[in-house]
Amino acid sequence: MFEQLSDLSKYFSIKENLSWTVVRPHQARLTVNEVVRRLHSDPDTMTTDRPADCVSDLEYDDLIDTIFLEQRGDAVIIVGFGTDTAEEDVLRRLSQGATVHSVFWAINNFNRLYYIVDGVVVTELDTLRPLDRWGTDPEALTGHLDALRSLHDRSDPGPDWETAMATLESLTGQRLDPDWFARPQLLAKVNHH
């Protein structure tokens with residue numbers, strides 16, 4: 001997927017910046033509109049675009065407040081090319097009455113994987129150092145971290161965001177593939193503060 005997506009744009013590489021969040025409500029269906037409101041944006045201003053086109057048309061700075069959303073059953077997935085919507089306070093807001101799993105990385109290898117329920121950070125970890133974990137239950141994700149741990153145990157554990165994404169897939173049962181970026185998705189501009 002990373003190789004296919006790297007051909008999309010001379011300005012941008014998914015290897016440099018990506019955030020991917022899955023929000024699953026505990027009870028009723030959570031809608032894209034509600035998620036956009038929780039991100040302090042107006043659902044009426046949403047448009048539709050192919051993420052691949054946006055990436056090739058825009059400079060990185062224009063993408064920072066742009067997110068793409070998709071309703072998947074009761075859950076909503078959010079994909080951004082900046083990290084604004086993956087910040088802890090934003091994820092806590094998204095997790096009211098819901099479970100949030102989120103992963104992001106930035107160009108300087110700063111990254112996080114979060115597991116947040118009802119506004120509480122259950123587990124937070126650095127995917128490059130998966131033994132460094134915080135939260136109310138740092139061990140909650142242990143059964144899902146084998147691939148990240150074995151990467152970390154190699155002598156040269158350079159960033160491997162594919163494994164970070166695969167870990168989120170194993171936690172959520174959701175998947176992102178290159179076709180997702182090539183299909184029209186809902187687009188929102190968010191003001192995260």
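This is a predicted model: local features need pLDDT of at least 70, side-chain atom pairs count only at pLDDT 80 or more; totals for chains, interfaces and linings use all residues.
I started with Arg37, which forms a salt bridge with Glu34, the closest N and O atoms lying 3.8 Å apart. My cut-off for a salt bridge is a side-chain nitrogen of Lys or Arg within 4 Å of a carboxyl oxygen of Asp or Glu. Residues are numbered from 1 along each chain as its sequence is written, and side-chain values use heavy atoms, with hydrogens and water left out.

**Salt bridges**

I looked up where the Arg37 pair sits: both Arg37 and Glu34 lie in helix α2 (residues 32-38), 3 residues apart, about one turn of the helix. Helices (H or I, at least four residues) and strands (E, at least two) are DSSP runs here, numbered from the N terminus.

Next came accessibility, where buried means under 20% relative accessible area, exposed over 50%, and partly exposed in between (1.4 Å probe, protein chains only). Arg37 counts as partly exposed at 45%, and Glu34 is partly exposed at 26%. I also found Glu34, Arg37 and Arg38 linked in a network of salt bridges.

How many salt bridges does a search of the whole structure find? I noted 11. Another one joins Arg72 to Glu70, with the closest N and O atoms 2.9 Å apart; both of these residues are buried. Arg133 forms a salt bridge with Glu139, with 3.5 Å between the closest N and O atoms. Here the two partners fall in separate classes: Arg133 is buried at 14%, whereas Glu139 is partly exposed at 48%.

**His144 and its surroundings**

I then turned to His144, placed in the loop between β8 (129-134) and α6 (146-153). His144 is partly exposed, with 34% relative accessibility. Which residues does His144 touch, not counting those up to four places away in sequence? I listed Thr167, Ser170 and Leu171, taking contact as heavy atoms within 4.5 Å.

Ser170 got a second look. His144 and Ser170 are 26 residues apart in sequence, yet their C-alpha atoms are 6.9 Å apart in space. Their side chains make a polar contact at 3.0 Å. For that term I require a pair of N or O atoms within 3.5 Å; within protein, one must be able to donate a hydrogen and the other to accept it, and residues adjacent in sequence count only if both atoms are side-chain atoms.

**The α6 and α7 pair**

I checked how α6 packs on helix α7 (residues 161-172): the angle is about 160° and the axes are 9 Å apart. That makes α6 roughly antiparallel to α7, a label used for angles over 145 degrees. The axes are lines fitted to C-alpha atoms over the stretch in contact, and angles run from 0 to 180 degrees between N-to-C directions.

**Positive phi**

Last, I went through the backbone angles. Most residues other than glycine have a negative phi, so I wrote down two exceptions.

- His40 has a phi near 60°, lies in the loop between α2 and β2 (47-49), and is partly exposed at 41%.
- Asn109 has a positive phi of about 75°, sits in the loop between β5 (98-105) and β6 (111-117), and is partly exposed at 32%.

Notes:
Angles under 35 degrees count as roughly parallel, over 145 as roughly antiparallel, 65 to 115 as roughly perpendicular and the rest as oblique.
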